[in-house]
Every structure is written in C-alpha cells, then in structure tokens.
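Hi everyone, thanks for making the time.

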Amino acid sequence: MSANLEALKHISEDSGFPITIHPNFSPRIKDHVPPEPVREQLFPDKDRATFADPEKKALFAVAKATDLTESIGTVLEGVQLSQLTPQQLDELALLVNERGVVFFRGQDLTTEQQVRLFEHYGTLDRHPAQKDVRHVVIHGSREDHREVLKYTPWPLGDWHADTSFEINPPSYSLLRMEEHPAVGGDTAWVSGYGLYDTLSAALRRFVEGLHAVHTSRLQYDTILDLWGVGPNRPPVDSHHPAVRTHPVTGLKALNINTGFVTGFAELKKHESDKLLDFFAYHIHSADDHSVRWKWEVGSVAMWDNRCVLHRVIPGGYEGPRRGIRTTVFGEKPYYDPNSESRAERQRRLKAEAAAPAANGEANGHSAVKEDPISAPA
Ligand SMILES: [Fe+2]
C-alpha cells in the first residue's frame with residue numbers, strides 16, 4: 001500500500017477504515033488547478049483501416065498470423081513494425097479492428113519510430129496525466145487493487161478502454177515494452193463484440209437504449225492522492241452509448257467498463273448500481289472472450305479501444321516494468337440501430353454461403369445451423 005496516500009492519514013481508530021474519502025481531505029486534490037481546459041469534440045479523419053485490402057495480402061505476404069483464441073488476439077511473426085509500408089499499416093489497422101488486439105515480439109522500434117508510425121493512424125492523443133506531448137510511459141501496478149479501493153475511489157486495476165471518459169476516446173493504442181520482469185505484469189484484453197453477443201436478446205435490446213456514464217473524476221482524485229501527479233485537465237463525465245457501432249467493421253460492441261463507468265444516465269440510482277454490478281460479473285467472467293499476454297522486452301501490443309477492454313494484472317514482481325504507449329483520437333462513440341453484432345454477421349454470412357445449396361435441396365430444410373450461443377455442446 002502506497003505510503004503516499006493522504007487518505008491513509010485519516011483512518012478511524014475504531015474501524016481501521018478511512019473516515020471519509022471526500023477529495024477535500026487531501027490538499028493535493030483540493031488545491032490542484034489543471035492548466036488546460038476541458039476538451040471540445042474533434043472530428044478525426046477517416047480511419048486508415050477503411051483504406052485496407054480486406055484480405056490484407058500485403059501484410060500477410062510478410063507476416064505469419066496465429067490466432068490466440070477464437071474471439072480475440074492474434075500474434076504476427078516474422079515482421080518488424082519499423083519496416084511496414086503505409087499499405088501494410090492500413091491492413092494492420094483492419095486486423096486490429098477485427099481481432100481486437102494484435103501482438104508482436106522482438107521489435108526493434110524506437111520511441112521516435114513508434115510516434116511516427118502512430119501518426120499514420122491519426123492525431124496523437126494525450127492522457128490527462130501525460131507530460132510528454134506524444135507518448136506516455138506506462139509502469140505496472142504493484143498495488144493490491146483489492147486493498148487500495150478502501151482508500152481511493154477509482155478501481156485502478158480494473159477493466160477499461162483507455163480514457164473512455166473523453167468526448168473523443170482513443171481508437172488505437174500501441175504499447176511497446178522497454179523493460180520488463182521475467183514474470184508478472186501481464187495484460188489481459190476482453191472483446192467488446194463478444195461481451196455484447198453473450199448477453200441475452202432481452203438484455204441486448206434494453207442496454208442498446210442506454211448511455212453509460214464514463215467519468216475521469218475518480219481517476220482524477222486517485223491520481224492526485226496516490227501518485228501526486230497533477231492531471232492536465234479538469235475531470236469530465238461523458239455519456240456514451242452503452243452499445244457502440246464500430247465505424248470500420250460496422251459491428252456492435254459493448255461500451256461499458258468497470259474502470260471508468262459509474263452508472264447509466266437513463267436509470268435510477270439503484271437500478272443503475274445493480275446493472276453495473278451485473279456487468280462487472282459479465283466482464284470478469286468472460287474468459288471465452290479474453291486473452292492474456294505475457295510481455296518480454298521488445299514485445300508490442302496494438303489494440304482498438306472501440307471494441308476491446310484491457311487491464312494490467314497487478315502483482316508483486318521484482319524489477320522495473322516500463323512501456324511506451326501511443327494513442328490516437330477516435331470518433332465520438334455512436335450507436336447505429338441498423339448495425340449487426342459479430343455473431344449475427346457470422347450467421348448471416350453462413351446462411352448466404354449455404355443458400356444456393358439449400359435452395360437446391362428437395363426437402364427444403366434450411367442450411368442455417370442452430371445458434372451456437374443458445375446450443376452449447
Ligand atoms: Fe490502459
């Protein structure tokens with residue numbers, strides 16, 4: 001537990017818990033004046049993935065792809081990111097849209113090259129607590145994330161999409177590990193496509209009408225108290241669609257995370273709390289839609305915050321962990337009621353592919369197989 005926490009100086013002798021964690025308890029929080037204003041909405045250029053060859057022939061000509069799970073995560077081998085052409089970078093973006101996160105090992109990329117590579121994808125974003133204009137240094141977490149929640153309001157070890165509280169949350173993130181312990185400090189990702197598809201049809205319909213309240217307020221207070229770092233911008237709340245449509249794949253993804261979402265704008269408090277409780281269970285139990293990555297020095301992960309959540313796995317490992325992360329601004333999240341889910345698309349494509357054969361069959365039975373979600377074998 002960090003000795004730096006002001007909250008630790010306000011423990012009740014009776015209970016052993018903080019008397020209150022109101023931000024005014026800490027002068028570091030109360031007195032902080034962020035130097036920058038709240039952001040205005042941006043309108044990013046068309047996503048580079050929309051320019052990609054759907055078959056990704058240029059990328060797959062040089063890279064061997066291995067899917068780590070059915071739902072999420074692909075490793076690309078035999079390729080250096082530093083050598084990719086603009087065409088291959090566009091195809092990589094499309095692969096990231098589809099697979100959620102793409103991994104590399106043994107990369108020779110420098111920070112300067114990483115920044116230039118990411119500028120291909122758009123305008124570089126800047127985390128509220130980020131000092132350098134173009135990248136942020138990511139360390140691990142050795143805090144016991146269960147313990148620290150007694151003293152800080154932000155669940156810092158929990159699932160999130162990077163800065164999902166922004167009006168324009170980042171689309172792509174790329175994290176490259178420069179220092180890493182031999183064991184510990186893994187990162188896990190979970191698919192927003194899968195999290196949507198595994199809800200019941202009734203809950204899918206209900207959640208599609210909701211807006212999730214994504215807030216930086218809890219992180220703002222916690223960053224100041226725990227790390228003493230002054231966020232650059234005042235805290236914000238954004239009401240984003242609880243189900244968003246991906247602008248490139250056109251697929252629906254659940255846009256709720258346990259790290260930044262505090263409720264649902266359309267619901268009453270207790271309704272909202274219970275539903276959020278359910279989503280904490282739903283996200284934390286989705287092992288069939290998640291992937292866990294063991295880092296080495298030179299490993300890289302590139303993910304799409306619009307269709308995956310992630311979290312670092314906290315631990316008590318020895319030695320430094322230091323990664324360089326770059327992000328670019330994404331569009332303001334939107335929901336298109338005419339978009340389809342990943343499972344719906346798979347079923348439609350399968351039916352379309354089978355349709356000519358089915359039409360020729362004398363018995364007239366449809367070639368469409370039963371929904372695999374409702375018929376686990
Ligand atoms: Fe993150």
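Predicted model: local features only at pLDDT ≥ 70, side-chain atom pairs only at ≥ 80, totals over all residues.

Let's start with a pair of charged side chains: Lys64 makes a salt bridge with Glu77, and their closest N and O atoms are 3.7 Å apart. By salt bridge I mean a side-chain nitrogen of Lys or Arg within 4 Å of a carboxyl oxygen of Asp or Glu. Lys64 sits in strand β1 (residues 64-67) and Glu77 in strand β2 (residues 74-77), so this pair ties together parts that are 13 residues apart in sequence.

Residues are numbered from 1 along each chain as its sequence is written, and side-chain values use heavy atoms, with hydrogens and water left out.

Back to our pair. Lys64 is exposed, at 52% relative accessible area, and Glu77 is partly exposed, at 41%. The cut-offs are these: buried is under 20% relative accessible area, exposed is over 50%, and partly exposed is in between, using a 1.4 Å probe and protein chains only.

Now look at another salt bridge, Lys252 with Glu208, where the closest N and O atoms are 3.2 Å apart. Lys252 is in strand β10 (residues 252-254) and Glu208 is in the loop between α7 (201-207) and β7 (211-215), so the pair ties together parts 44 residues apart in sequence. Here Lys252 is buried, with a relative accessible area of 6%, and Glu208 counts as buried too, at 16%.

One more: Arg345 and Glu340 meet in a salt bridge at 2.8 Å, N to O. Arg345 is partly exposed at 24%, whereas Glu340 is buried at 14%. Some salt bridges share partners, and that joins Asp47, Arg244, Asp304, Arg306 and Glu331 into one network. How many salt bridges are there by this rule? The count comes to 31.

Okay, on to the metal. Which residues coordinate the iron ion? They are His160 through NE2, Asp162 through OD and His310 through NE2, at 2.2 Å. Donors are N, O and S atoms within 2.8 Å of the metal (3.2 Å for Na, K and Ca), and water is not among the atoms, so sites may look incomplete. Along the chain, the donors follow the spacing H-x1-D-x147-H. The two histidines link distant parts of the chain: His160 is in the loop between α5 (145-148) and β5 (170-179), and His310 is in strand β14 (residues 308-312), 150 residues apart. His160 is buried at 16% relative accessibility, and His310 is buried at 5%.

Next, a couple of helices. In helix α4 (residues 111-119), the buried residues are Gln114, Val115, Leu117 and Phe118. Looking down the axis of α4, these fall within an arc of 160 degrees, so they line one face of the helix; the arc is that of the directions from the helix axis to the C-beta atoms. Their cover includes α3 (86-99), β5, β13 (300-304) and β15 (322-329).

Helix α8 (residues 217-227) has eight of its eleven residues buried, so it is largely enclosed by the rest of the structure. Its buried residues, among them Tyr220 and Leu224, pack against α1 (27-30) and α5. Just after α8, Gly228 takes a positive phi of about 65 degrees.

Then there's Ile256, in the loop between β10 and β11 (261-264). Is Ile256 buried or exposed? Ile256 counts as buried, at 1% relative accessibility. Leaving aside neighbours within four places in sequence, its contacts include Val207, Ala212, Phe264 and Leu309, where contact means heavy atoms within 4.5 Å. Ile256 and Ala212 are 44 residues apart in sequence and 6.5 Å apart in space, C-alpha to C-alpha.

Finally, let's zoom out. The protein has ten helices and 15 strands, and buried residues make up 52% of its 377 residues. Among contacts between residues at least 6 apart in sequence, 83% join residues at least 24 apart. The C-alpha trace spans about 80 × 50 × 40 Å along its principal axes.

Notes
Helix = DSSP H or I, 4+ residues; strand = E, 2+ residues; numbered from the N terminus.
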